[in-house]
Amino acid sequence: QVQLVESGGGSVQPGGSLRLSCAASGRPFSSYTMGWFRQAPGKEREFVGAISSYGGSTKYADSVKGRFTISRDNTKSTVYLQMNSLKPEDAAVYYCAARFGRLIDQAMGFMTSYTDWGQGTQVTVSS
């Protein structure tokens with residue numbers, strides 16, 4: 001089992017940037033692919049993106065492609081979500097999640113692919 005703690009959320013104006021972090025503990029971080037999801041009020045949790053265990057591959061939802069970037073530092077057991085050009089529709093609680101295994105695949109977009117979740121961090125985008 002992996003324990004995950006997100007941080008970095010906050011309030012930003014449209015067009016602004018934020019970087020979220022997710023610190024992992026409990027198991028070898030490099031054994032896990034990592035995903036980011038988000039959930040807005042009244043909506044289902046949705047996939048944002050994922051990164052393979054050594055960072056060589058990433059996958060993004062179409063809604064964030066070109067604006068968001070996922071990276072990881074296995075020496076710090078941390079995965080990051082850099083969010084640029086934020087829009088009001090990006091406002092949500094953002095969650096990181098872990099899945100044992102090195103590669104990302106089509107299943108990475110589904111919540112059921114992940115075994116461990118963080119508590120979430122709130123992102124607000126408004127003027």
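**Salt bridges and their labels**

Mentor: The structure holds five salt bridges. This is a predicted model, in which local features need pLDDT of at least 70, side-chain atom pairs count only at pLDDT 80 or more, and totals for chains, interfaces and linings use all residues. Residues are numbered from 1 along each chain as its sequence is written, and side-chain values use heavy atoms, with hydrogens and water left out.

Trainee: What makes the contact of D90 and R38 a salt bridge?

Mentor: The term requires a side-chain nitrogen of Lys or Arg within 4 Å of a carboxyl oxygen of Asp or Glu. For D90 and R38 the N to O distance is 2.9 Å, so the pair meets that definition. D90 sits in the loop between β8 (78-83) and β9 (92-100), and R38 in strand β4 (residues 32-39), 52 residues apart; strands here are DSSP runs (E, at least two residues), numbered from the N terminus.

Trainee: Why is D62, the partner of K65, called exposed?

Mentor: Exposed means over 50% relative accessible area, buried under 20%, and partly exposed in between, with a 1.4 Å probe and protein chains only. D62 has 67% relative accessibility and therefore counts as exposed. Its closest N and O atoms with K65 are 3.0 Å apart.

Methods. Helix = DSSP H or I, 4+ residues; strand = E, 2+ residues; numbered from the N terminus.
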